[in-house]
Amino acid sequence: MSVKRLLTVAASAAAVAALFSPVSSASALDAGSQSTATARLASGDGYLHVYTQPYGGGRECKWSGNSDNWGSCRNLTSDIWNNGYAGGLDAVDLYTAPGAGGAHACISQGDSWPDTTTGEYRFTYGAGLDQFGKSVNNNISSHRWVDYCSQG
């Protein structure tokens with residue numbers, strides 16, 4: 001797991017712990033500030049993170065918006081983490097071809113696929129299109145942020 005990802009996971013765990021721990025002698029103003037910071041940490045950093053090796057290993061690529069071509073991570077991804085902001089456009093469709101072409105898979109906000117080499121994660125949308133049913137491992141070329149994962 002990369003250091004950045006480990007720190008983000010640790011910060012998220014601390015935020016969740018703070019969210020559920022009782023407020024002691026903090027003032028109402030302090031509690032409000034803490035709640036805002038906790039919500040911001042728990043809601044993500046706004047990026048789709050991918051790594052060329054399982055469990056955050058290898059090279060990282062990340063995007064806050066759509067990408068028609070994954071460049072140096074195209075067809076070289078074995079770990080995917082959707083750490084986008086919760087709300088609209090928080091799921092990500094992952095496509096087999098550049099320009100959002102071919103079959104696709106969808107990863108919901110907050111989900112992580114830490115080891116796609118297992119074959120567990122597949123392109124399940126777009127029956128009849130190129131690569132439908134195939135493993136996503138080392139087979140993603142582009143993506144689009146969407147409101148939710150669907151059969152579209």
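**Close-up views of a predicted model**

**View 1. His-49 stands opposite Lys-62 in β2.** The model is predicted: local features need pLDDT of at least 70, side-chain atom pairs count only at pLDDT 80 or more, and totals for chains, interfaces and linings use all residues. Residues are numbered from 1 along each chain as its sequence is written, and side-chain values use heavy atoms, without hydrogens or water. Strand β1 (residues 47-53) pairs with β2 in the antiparallel sense over 5 bridges. Strands are DSSP runs of E with at least two residues, helices are runs of H or I with at least four, and both are numbered from the N terminus. Two strands pair if DSSP finds at least two bridges between them. Lys-62 also lies over the face of Tyr-47, at 4.6 Å from the ring centre. (A charge sits over a ring if NZ of Lys or CZ of Arg is within 6 Å of the ring centre and within 35 degrees of the ring normal.)

**View 2. An open sheet holds 4 strands.** Their order is β2-β1-β3-β6, and the pairing is antiparallel. β2 (57-63) and β6 (112-113) each have a single partner strand and stand at the edges, so one side of each lacks a neighbour in the sheet. Across the protein chain there are 2 helices and 7 strands. From the N terminus, the elements run α-α-β-β-β-β-β-β-β.

**View 3. β4 and β5 form a hairpin.** Strand β4 (residues 91-97) pairs with β5 in the antiparallel sense over 5 bridges. Leu-94 stands opposite Ala-105 in β5. The turn has 3 residues between the strands, and Gly-99 there has a positive phi of about 65 degrees. In strand β5 (residues 101-107), 6 of the 7 residues are buried, so the rest of the structure largely encloses this strand. (Buried means under 20% relative accessible area, exposed over 50%, partly exposed in between, with a 1.4 Å probe and protein chains only.)

**View 4. The whole structure contains 2 aromatic pairs.** The rings of Trp-63 and Trp-70 have centres 4.6 Å apart and planes at 25 degrees, so this pair is stacked. Both Trp-63 and Trp-70 are buried. Trp-113 and Tyr-121 form a stacked pair, at 4.6 Å centre to centre and 15 degrees between the planes. Trp-113 is buried at 10% relative accessible area, and Tyr-121 is buried at 16%. (Rings of Phe, Tyr and Trp, the last by its six-membered ring, pair if their centres lie within 6.5 Å; planes under 30 degrees apart are stacked, over 60 edge-to-face, the rest tilted.)

**View 5. Asn-138 sits in the loop between β6 and β7 (142-146).** Asn-138 is partly exposed, at 35% relative accessibility. Asn-75 is 63 residues from Asn-138 in sequence, yet their C-alpha atoms are 4.2 Å apart. Beyond four places in sequence, Asn-138 touches Asn-75, Leu-76, Thr-77 and Ser-78. (Contact means heavy atoms within 4.5 Å.)

**View 6. Residues 6-41 keep pLDDT under 50.** The model has 9 contacts beyond four places in sequence for residues 6-41. (pLDDT is the predictor's confidence in each residue, from 0 to 100.) For the protein chain, mean pLDDT is 81, and 70% of residues reach 70 or more. Of its 152 residues, 38% count as buried.
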